[in-house]
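Have the picture open beside you as you read.

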Amino acid sequence: MTIDPSSVARYAGGSRIPGWDDSADLEKDPAVVPDPATTPVPDDLRAEIEAEMAKYPEPEAATIAALKAVQRRYGWCSPEGVVQAACVLQLTPGDLVGVGSFYDMLNMRPAGRNAIYVCTNISCSLCGAHDLFAAFQEHAGDDHDFQVKSFECLGACDIAPMASVNGQYVGPLDPADVPTLLQQLRDGQEPLPEKQLARRPSADPNARGSAS
Amino acid sequence: MPRPVVDLVTFTVDGREVTAPQNSMLVDAALQYGDIEIPVFCYERKIGPPVGACRMCLVEVEGVPKLQAGCATAVKDGMVVHTNTPRVKEAQEAVLEFLLINHPLDCPVCDKGGECPLQDKSFGWGGGISRFVEPKRHFEKPLALSPLIAIDRERCILCYRCVRFSQEVSEDYQLVLHDRGAHTFVGTFDGHPYVAPFSGNIIELCPVGALTSQAYRFRARPWDVEGGGSICTHCPTQCNVTFTVRDERVLRVMGRDNEAVDDGWLCDRGRFAYQAIHVDDRITQPLLRDGGALVPVTWERALEAAAAGLKRAGSDVGAVVGGATTNEEGHLLARLLREGLGSENIDSRPAGGPSTGVRTALAAPALQATIPDLEFAHAVLVLDTEPVDDAPVIDLRIRKGVRRGAVKLAVATSRPSSLDPNAEAVARFAPGAGEAFVAALDAALGGTGDLAELADRAGADADAVQAVADVLTGRDDARTHDDAPATRDVVILWGERLTAGERADHAGRNLLNVARHLDLGASRDGAGLLEIPAGGNNRGLREVGVLPAEGALDTAGIAAAAAEGRLPALYLLHTDPLLDLPDRSTWLRALDKASTVIAHAAFLTEGISEHATVVFPAESHAEKEGTMVNLDGRAQRLRRAIGRQGESRAEWQVLTDLAGRIGLARGPGQALRRAAGLPRGAWGM
Amino acid sequence: MTDILLFRGIDEPGLATIDVYERRGGYKALRSALGQTPEALIDTLKGAGLRGRGGAGFNMGVKASFLPKGNIQKYVVCNADESEPGTFKDRELMQKNPHQLVEGLIIAAYAVGASKSFIYIRGEYGLQADMLDAAIGEAEAAGYLGDDILGSGFGLSLYVSRGAGAYICGEETGLLDSLEGKRGNPRLKPPFPANAGLFQGPTLINNVETLSTIPHIIEMGAEAYARIGVENSAGTKLVSISGNVQRPGNYEIELGMSSRDIVFGLAGGPPEGRSVKLWFPGGSSSPVLTADDLDLSYDFDTLAKAGSMLGSGAIIVVDDSNSVVDIALWTAKFYAHESCGKCTPCREGTTWTHTMLGRIKDGSATPMDLDIMASVQEHIIGNCLCVLGDAMAMPIASMIQKFRSEFEEYIETARARSEQALVAGAAR
Ligand SMILES: Cc1cc2nc3c(=O)[nH]c(=O)nc-3n(C[C@H](O)[C@H](O)[C@H](O)COP(=O)(O)O)c2cc1C
Ligand code: SF4
Ligand code: FES
C-alpha cells in the first residue's frame, strides 16, 4: 500500500516521536549479534568498553557506558558505533538502542557537539528558566555545533536558573549571559567560570563556620 | 531436576472456595479452578514470569490495603479475593479508559476485530464512555516489521508481550522497545526487519491488532471462518495447530497450545507454510507419463498403469516413504509391498540405520525421555542435531529450561549450533563422526577406550569432550553436591543422522553405553534418550513397520539396486529423492533405469517431473485424515480441515485401491483399524 | 541547635582528598566498625533510628537486617541518582566530601556481608562522579577497599556506575535494572531488593545522605545520635531549599526544626514584597502545603500527618506572583516526561493530565475538566507498578483540592481570553 503521508491530513504534523513512522527496510538482513570476525571495532573503543565490562559480574551491565563511549567517539549513538559496541558486548544492536533510547543524555540521532541542557523544572522555572531557554534557542537553536535541550531538574536549584554546558553546571544565568557563554564555547574557552557551580561555597552558614 | 511437587491451597474468590496449586498466579488459579475470569493484557503464562505492567488485573485481597495485580499475586491458603467490588470495578474501568485514550478504535477495519482481547475486555469490564476529548495520536500505518508481519503502532497498548517473546522466549533479542513513557514504541535496530525462526508467534500474542500477519491481513473476519484442529507435519515435533478456514481455503495457522508438545509456540515454517496449499502449481489430478511428458489422466488409467507396473516388477520393487506420510498410509504401502508383491524393500529412513536389535534397544520404553523432560532435567545434551532446523519448537523448550537456571546444557555437533551461547560445554566433531564422538564421550564418562585417541578419531578436542561429560555427570554442578541425589536426570537429545550410514550399529551401541553410564534406563521419569527423527512422522513410520526386513534393501540399497537395473519399479510416497535424500548421482541413475516410478507428490519437483511415470496427487496436511507419532512417541491425529483439491482422492484410498488391483483383497477399514491399533490406540482421538 | 554532622567543614579546602579527610578523623569509624561484629553494627544502626534520606524514610538498620545471612554474593548499592526535583544535597556531599560516603558505604557493606558495591550516580553529575572515582582510588590505595580491608579479612570492591538521564532510575528497582545495563523500568515487588536485587543477589540500597551519616553514628554511638532530632525522626537532615527564596541552598538542620525557621530564617523567605503561596516540603512528589502550614515541625511524622511528606528533604517555595496552574503544569510535564511507560495508569495518566493542564492554560478547558482531572489522579494513585504515578497524582490532587477556586477562575478567564481572540480572529 503506498500512501504519500504528506497528502494525508492526519499525518501532516508528522510524527512527534522520531521512529514511530519508520518501517522496516525489508532489504536489510535481520540485526543479530555482530560477528567479531566481520565487525571491525576501533581498538580504543574496544578497550574502553572492555574496561567497563570488567567492573560487573555480568558484562551486559556495561551497556550504558558502552553507548556513552560510542557517543563520545561519533557524536551520537550512530548505527555503526552501536554495532561495534554490540560486537564487543556480544549483544544485539537492537538491545543497545532499546536501552539507549530510554535515556535523555544519549543521542539516538545526530546532535551538535556542545551539549547544553537548560533546566526547565519547577525551581528553575520559578526563577525565569523559560526566558533563559528561549535565549539559548534564539542564539544557538539553528547552530549545528550546539544541541540545546530543555531538561528536567538537574539537581542544582540553588543556582536557578541554570544550565549544564558540556557537563559543567553554570548559574544563576541571565538571558543576557547567553551570547557570552556561546562565544566562549565557540572559542574553546571555559563557559562563564565565575558562575560555575564547582567553585561555589555552601549556603549553610554553619558549614562555613565550623571548618577546622 | 525433578518436577517440583506442588501442594494445593484453598482460597476464596468472590465468595467461591477454590483449590489450586500453591504459588500459581491468582489469575490462572481463579480461571482454571474457579471459573472466574480476571481480565489481563500483559500477562501470558507461557511467556514467563509476570511483569505487572498493564494493571488490568487489579483485585482486592483482604488484608492488603492497595489493590493487587492478580497476575503477579501467588495464591495462598486462606486468601480472600474480590474481583467485582466497586473499588475493583472502578480500577478496571480506569485502566481501560487509559488504554483506549490513544487507541484508534478502528475496529471496523482491524483484522483483530471480533477476536480482540481489547474489544472483549472493553465490552466486559469497561465503563462504556471515554472522557478523553483531546486529539488522539495518529501515525502512518500499517508499516512492515518484516516480510511476514505488519505493525500498526497506533493500536499498540504497550503490553510488551511481543518484545518479551523476542527477548525472553526465542531469545533473538531483535524486537525491542524504543524511547520512554508515552513515547515508547516497538521496533528493531535501525530499520532492520524482525526476521527470526519464531517471529510469527508475536502475531498471536498481540492482544490488539498492532501486529498482523501480512498473509492474513484483510482476508477474513472471525465470523467468516471456521477453525480446524489438527497437527503440523513439517517436523517431528508435530505442534498442535488450528487451521483457520474460509470457503474451503486455509487462511491462517495458529497454535493450539499443548504443553506436552509445543508449549504454545509454532515456528514460522509451521505457521506460514500453509501458503503452499492453495497455489496453482499443485498437482490435483493423476498424471501419467506419455511420450516423455506427464499428462493428466483419469484415476482409472493411472491406477491401472501403476498396478500393471508393480505387477510386472513383482518382488523387484523398492519403496521409499517420506516423513509427511501417516501411519495408515505407511502401513498400507508396507502391506502392499510385503503381502501383495512379496518385496521387503521398503524404508522410511533417509540414510538407513542400526540393525533391529540395536534399534529396539535404543527405543526401549524405559530409556525414553519426553519433550517436557527437557525443561526439568539436570542436564541436557544436544547431540548431532540442530534443533532449530530439525525440530524448531524443541529449541525453545531447551532455552526455557536453561533460562530458568535449572538445566545445564551441553552441545555436541559437527557445526556451530544456535544453542552454543546457552551451553555450559560445547564440543565439535568432524562431519559424520558422531559415532566416534559418542565413543569418546563414553570413554570420558569412564567407559572403555582411550579418550585422547577416540577424540582424535572424531576430530574433536579431548578437553571439550571431557567438559561435556562433566556437565552430564554434574561434576561441577553445586546443586548435585548440595542435595546429592543418587541420580541425575540427563536427557540426550540426538539426531537420527547419528545412527545413519555404515557405522550405525557402532553409533547405536556407543550411545547405549553412554546411557548406561549415566544410568538413564533405571526406569525413572525425567531422564533418557530423545531422538529427533529425520522427518515429520518418521518415528511413527518405523513403529508401524515401514522398514526393510533383515537382509532386505534400505533406502541406499534401493537406490543402488535400481541404479544397477535390478529394481524395475520404484514407489515414492511423499518423497523426491533428488531433493530429500543423499547420494544424488546414484538416485539419478536409479530413476533413469527404473521403468515404473510411482510417486505421491504435491508438486512437480525435479525428480517427479523428470522421472515419475505415474503421479498421484498428494494431500496437504490440512486435507489429510490419519495418525502420526511425534518425536517423543505421542500418537496424534490429523483431522481434515478443508476438502481435497481438484480431483485428489484420499491417499489411503488410493493405496487400498492399488492393493486390490494387485490382488490383495482386504477392506480398507480393517487395514486402518489394524494400523491404528499399533501406537497407543490413536484412532478416535 | 546541635552541632552539624554531614556538613561539618564541608568547604574546607582539600576535604575531598584522603589526606585532609583522615586528618579530620576520617576512616576512624571504619576501623572501629571492623572491630565489631556485623550484628552489633546492625543493632547500632537500628538503635540510632536513622531513617532513609532518599524519600521513603525507612529505618536503615531494619532494612539492613532484612538481607539474608550467610555466605552468598550480596551487594550494596548507593542511590546517587538524585533527580527528585528540588533536591541537590547529595550533589554537594559527593562533590565536597566523597570519602564520608565511601566510608559509610564500606561500613554498611561490612554490616550486611556484601563484597561488591556500586554507587549509581545520575549521568548529569559528571564532576561528582569524577570526585568519587578519585576518592575510591585513594581509598583503595590506603587499604580501605580491596580484598582484605585493614587486615580484617573483609573484602569489598566499589565502582561508580554512571546513569544517562532518567528520573525513574532513582526508584530503587529501576536503578537496579539500569545498573544492570537495561532500560530503567521498575520491577515488580516482591521480591524486594533485600532478597533478590542486583544480578538477583540480596542487595542493600541506600541514599547518599543515609550512607554518609553512618560514620557519624558509629563515632558518636546510637544513643547520642538518636537524641538528636525528635521522636521518630532522629538526627540531622540536609534540606535543599529553592524556588522563590532569597538564599537558596543546602542547609543541615536538626529534624524537628520549625519549617518557618527553615524557609525564612535560613533561606531568607520569598523576595521583598512577596509572600509564600504554597510549598513542596519534600520534593515535587510531595503534596503541596500552604502558608498556613509553615509552623509545622519539619520531621517525618508531622509532615505525614499534615497530608504531605518529608520525602527527600527538598523544599520548593512558590510565592504569590505565580499561578497554581503553572506549577501544576510544570509538575505534570515532569512526570509525563519521566514516566518509564511500563504501566498503564502512570504512562497514560501523567500524559493525559499534562494535556488537560495544557488546555486549561490555552483556554479550551471547562470546569468539568477539573473534575475529570481530579478523578484521573484518583485513578492513578495506588494503581501503578511503582510510585512515580502517585508522585505526580498526589501533588496535583493536593493543588486541585487546595486551590480549586483559583483553577476555576483561571479556566474562566482563559476561556474568555481565547474566545475573544477567536472572535477577533474571525472579525479579521
Ligand atoms: C520515582 C522515584 C524516584 C526516586 N528517586 C530517588 C533518588 O533520586 N534518590 C534516592 O536516594 N532515592 C530515590 N527514590 C527512593 C528509592 O526508591 C529508595 O527508597 C531509596 O533509594 C532508599 O534509600 P534510603 O532508604 O536510604 O532512603 C525514588 C523513589 C521513587 C519512587
Ligand atoms: S505490539 Fe501488541 S504485543 Fe507488542 S506491545 Fe503493542 S500491544 Fe503488546
Ligand atoms: S495482567 Fe496483571 S498487570 Fe497486566
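This is a predicted model: local features need pLDDT of at least 70, side-chain atom pairs count only at pLDDT 80 or more; totals for chains, interfaces and linings use all residues.

Residues are numbered from 1 along each chain as its sequence is written, chains are lettered from A and ligands numbered from 1 in the order in which they are written, and side-chain values use heavy atoms, with hydrogens and water left out.

**The two ligands**

Let's start with ligand 1. It has 19 residues around it, and C:Gly54, C:Asn79, C:Asn206, C:Asn207 and C:Thr210 come nearest. Being "around" a ligand means having a heavy atom within 4 Å of it. Strand S4 (residues 203–207) of chain C gives the most to this shell, with three residues. Strands here are DSSP runs of E with at least two residues, helices are runs of H or I with at least four, and both are numbered from the N terminus.

By class, the shell of ligand 1 splits into four nonpolar, nine polar and six charged residues. In this scheme Ala, Val, Leu, Ile, Met, Phe, Trp, Tyr, Cys and Pro are nonpolar, Asp, Glu, Lys and Arg are charged, and the others, Gly among them, are polar.

| Residue | Part of the residue | Distance to an oxygen atom of ligand 1 |
|---|---|---|
| C:Gly54 | polar backbone atom | 2.7 Å |
| C:Ser83 | polar backbone atom | 3.2 Å |
| C:Thr210 | N or O atom in the side chain | 2.7 Å |

The protein covers 91% of the 610 Å² of accessible area that ligand 1 has on its own; such areas come from the Shrake-Rupley method with a 1.4 Å probe.

What classes make up the shell around ligand 2? There are 12 nonpolar residues, with no polar and no charged ones. Among them are B:Cys156, B:Cys159, B:Cys162 and B:Cys206, along with B:Pro207 and B:Leu158. B:Leu158 also has a phi near 55 degrees, a positive value in a residue other than glycine. You'll find B:Leu158 in the loop between strand S7 (149–151) and helix H4 (161–169) of chain B.

**Where chain A meets chain C**

Here 48 residues of chain A are in contact with 69 residues of chain C, contact meaning heavy atoms within 4.5 Å. The two chains bury about 4,500 Å² between them, 58% of it on carbon and sulfur atoms. Buried area is the accessible area (1.4 Å probe) that two parts lose on being put together, summed over both. A:Phe102, A:Ile122 and A:Leu126 supply 16% of what chain A buries against chain C, more than any other three residues.

Two salt bridges cross this interface, a salt bridge being a side-chain nitrogen of Lys or Arg within 4 Å of a carboxyl oxygen of Asp or Glu. One links A:Glu152 with C:Lys333, the closest N and O atoms being 3.6 Å apart.

**Where chain C meets chain B**

On this side, 32 residues of chain C touch 33 residues of chain B. The buried area is about 2,700 Å², with carbon and sulfur atoms giving 55%. C:Arg183, C:Trp352 and C:His379 supply 24% of the area chain C buries here, more than any other three residues.

There are 19 residue pairs in polar contact between these chains (both at pLDDT 80 or more). Helices H13 (324–338), H14 (344–362) and H15 (367–380) of chain C each give two or more residues to this side, and the largest share, 10 residues, comes from H14(C).

Which residue of chain B pairs with C:Glu338? The partner is B:Arg180, with the closest N and O atoms 3.2 Å apart. B:Arg180 also forms a salt bridge with A:Asp104, again with closest N and O atoms 3.2 Å apart. B:Arg180 lies in the loop between strands S8 (176–178) and S9 (185–187) of chain B, and A:Asp104 in the loop between H4 and strand S1 (114–119) of chain A, so this pair joins two chains.

**Two cis peptide bonds**

A cis bond joins B:Lys141 and B:Pro142, with omega about -15 degrees. Another joins C:Pro190 and C:Pro191, with omega about 0 degrees. C:Pro191 sits in the loop between helix H8 (172–179) and S4 of chain C.

How values were computed
A polar contact is a pair of N or O atoms within 3.5 Å; within protein, one must be able to donate a hydrogen and the other to accept it, and residues adjacent in sequence count only if both atoms are side-chain atoms.
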